[in-house]
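Take your time and find each part as it comes up.

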Amino acid sequence: MVFTDEQGVFSSDPSFVATEMNGLKPQIVFKLIGPDLEDSQNLPGNLRSMNEFCSIVEQGEGLSIEDAMTITRLYKTKKVRQTPTFKGCLEIGGGTQFAVHIINKITPTSHQQSLKMCGGAGEAVTRDRVYHLQDEKQTQLDPDCMNKGYRYGKSYIPISKVDANLMTTETEKELVLICTTKRSNIRKEELCGKYAYSVIPPPTDVSGGAGLAAFATALRDLDMVAVCRYVKRADTAPKLCCLFPNIKSYCATLMMVELPFSNDIKKTEFPRLRSAPKSDQLSAIDKLIDSMDLTTKPEFKASEISNPAIQRRYECVTHRVLHPDNPLPEVDISHFFATPTFESSGDAVKECNKLFNIKIVESKPKKRTAGEMFSTLNVDVNNEIKKVKKEDISFDDLLGSGIKIGTTMPVQDFQLACSKLGAQPACVMMSGVISQLVEHQGDHIADCLRSIRECCVKEGLFELFNELLKKEFKSETVKKICKDELLSLIHRGECGSSPVSEVESECFIRGDELLQAIEEDDDDDLLDMI
């Protein structure tokens, strides 16, 4: 077998052409498929030369027929050129800086990254988003007039755009060394974040690359890691990161992984073991772990296992393009990676079952009696609602009762407060909530006014509602709501002891025009009498 680059002479030495191919741009990917390429010592002459050729070419690889068939079943996306997510300097103190580039080493692939909505026949569609208030009329809002709201208990605290800009953290783009610590102090369960980053020197910075390599080598020799503050862009939240040395035969770089803050760590407590495991039980578990050691099997390398969910999506989309009228193929997960078998660990599993007395326990839902079911609803077995005595509740009890009317569901909270505390304390609380909603232009103002008015009419609390309405009627929002919903002062026709007449109540929401017309009619009547 002879090799040539179709420009020079022929040669039987495979390195003659392989060296020329390594210098070509773009590089040529060469894959050799043969029946028995794993046993390279017993290959025939031609296959031995081709296999040697593949080993010399940088983008060359020899594959058996079985491996080649596995590769053809897998779908791969188009390779995207890696671009640095951070270009800056690593400051290690004393004015020493290394120019670095940070590249995403491990990035979770989004399962829905290419999913778009379309019509039934594949037509392109557009999406329009609108916002409405949670009221009866479903009032539509302009997005420019809306503010962000942070939930505080049952209420929403509105934050204007000016306040939101002041809330942002003022930071500068940086990667600064905070301290170094022993590698054993960084526990594996404390490594968090969605990505793993490679910290490398710029390709053109030779001196900076040498300094970064020396820093990484020193960390490895001392068995230490570097803790840094990382700000990806200006005015973004700073992150706490850890730099691990990554030493290879051809380069020395750093790997960066995000560390949690104290707010991110959830403290959990576990009960103590009732009895420590015995020596024979520990020995049985050791045998089970050794029998299930799969680290030597190539099909269980994470870098070579494809995501079954993404592969299934690619398979279905490709099948739908080629066969639009046929049903989708059945799911066969064996195409993606082999399923582990427990044939070699059968004896160890039996020994563990014997020593630990393992049994299958079926969980059964606990049966509840009628009394237990209705106890949470404050209802007894005779379906009689337990009423709370209003005269037994003071305002001190109101503050300590824990009952509060929020701005998220004020009407429901008001009804609960009326049933638990009585009408007057609930209406006092509701008045404060309405004032807060009017001040911040919140939702549910109309529902709150309607609910408190109905309660005040029923309980004879006309003074409380009339004073509230006179106070809040200065707001244009309340004026518009009262005119649209016909919510006015409580008059004598609704509550006999109210000093407000029906005419005065109607004039209150309609303005001074009606009142002026009534006064003119009264003057005419007086002249007729004279």
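## A walk through the model

Let's begin with E485, which is partly exposed because its relative accessible area is 25%. Keep in mind that you are looking at a predicted model.

E485 has a partner: R450 forms a salt bridge with it, and the closest N and O atoms are 3.1 Å apart. This pair ties together distant parts of the chain, since R450 sits in helix α13 (residues 445-459) and E485 in helix α15 (residues 476-485), 35 residues apart.

E476 pairs with K479, with the closest N and O atoms 4.0 Å apart. Both residues lie in α15, three residues apart, which is about one turn of the helix. How exposed are these two? E476 has a relative accessible area of 59%, so it is exposed. K479 comes in at 27% relative accessibility and therefore counts as partly exposed.

Another salt bridge joins the side chains of E189 and R187, at 3.4 Å from N to O. E189 counts as exposed because its relative accessibility is 60%, while R187, at 46%, counts as partly exposed.

| Salt bridge | N to O distance |
|---|---|
| R450 and E485 | 3.1 Å |
| E189 and R187 | 3.4 Å |
| E476 and K479 | 4.0 Å |

Now for the barrel. Which strands close into it, and in what order? Seven strands do, in the order β3-β4-β10-β13-β12-β11-β9, and the pairing is mixed. From one strand to the next, the twist averages 40°. Helix α5 (residues 206-222) packs on this sheet and touches β3, β4 (96-106), β9, β10 (192-200), β11 (224-231), β12 (239-247) and β13 (252-259). The direction of α5 makes about 65° with that of β13.

β3 (residues 86-93) and β9 (residues 174-182) pair in the parallel sense over two bridges, and L90 has L175 in β9 as its bridge partner. On the other hand, β3 and β4 run antiparallel and are joined by seven bridges; here C89 has A99 in β4 as its bridge partner. β3 and β4 form a hairpin with two residues between them, and G94 in the turn has a positive phi of about 70°. Follow β4 onward and you meet β10, which pairs with β4 in the antiparallel sense over five bridges. Look there for I102, which stands opposite V199 in β10.

One more stop: two helices packed together. Helix α12 (residues 423-439) and helix α14 (residues 462-472) pack at an angle of about 10°, with their axes 11 Å apart. Angles under 35 degrees count as roughly parallel, so α12 and α14 are roughly parallel to each other. Which residues make the contact? On the α12 side they are C427, V428, S431, I434, S435 and V438, and on the α14 side L464, L468, K471 and E472. Sorted by class, the contact of α12 with α14 has six nonpolar, two polar and two charged residues.

Notes. Residues numbered from 1 in each chain as written. Predicted model: local features only at pLDDT ≥ 70, side-chain atom pairs only at ≥ 80, totals over all residues. Heavy atoms only, no water. Pairing = 2+ DSSP bridges. Helix = DSSP H or I, 4+ residues; strand = E, 2+ residues; numbered from the N terminus. Axes fitted to C-alpha atoms, helices over the stretch in contact; angles between N-to-C directions. Contact = heavy atoms within 4.5 Å. Parallel < 35°, antiparallel > 145°, perpendicular 65-115°, else oblique. Nonpolar A, V, L, I, M, F, W, Y, C, P; charged D, E, K, R; others polar. Buried < 20%, exposed > 50% of the residue type's maximum accessible area, 1.4 Å probe, protein only.
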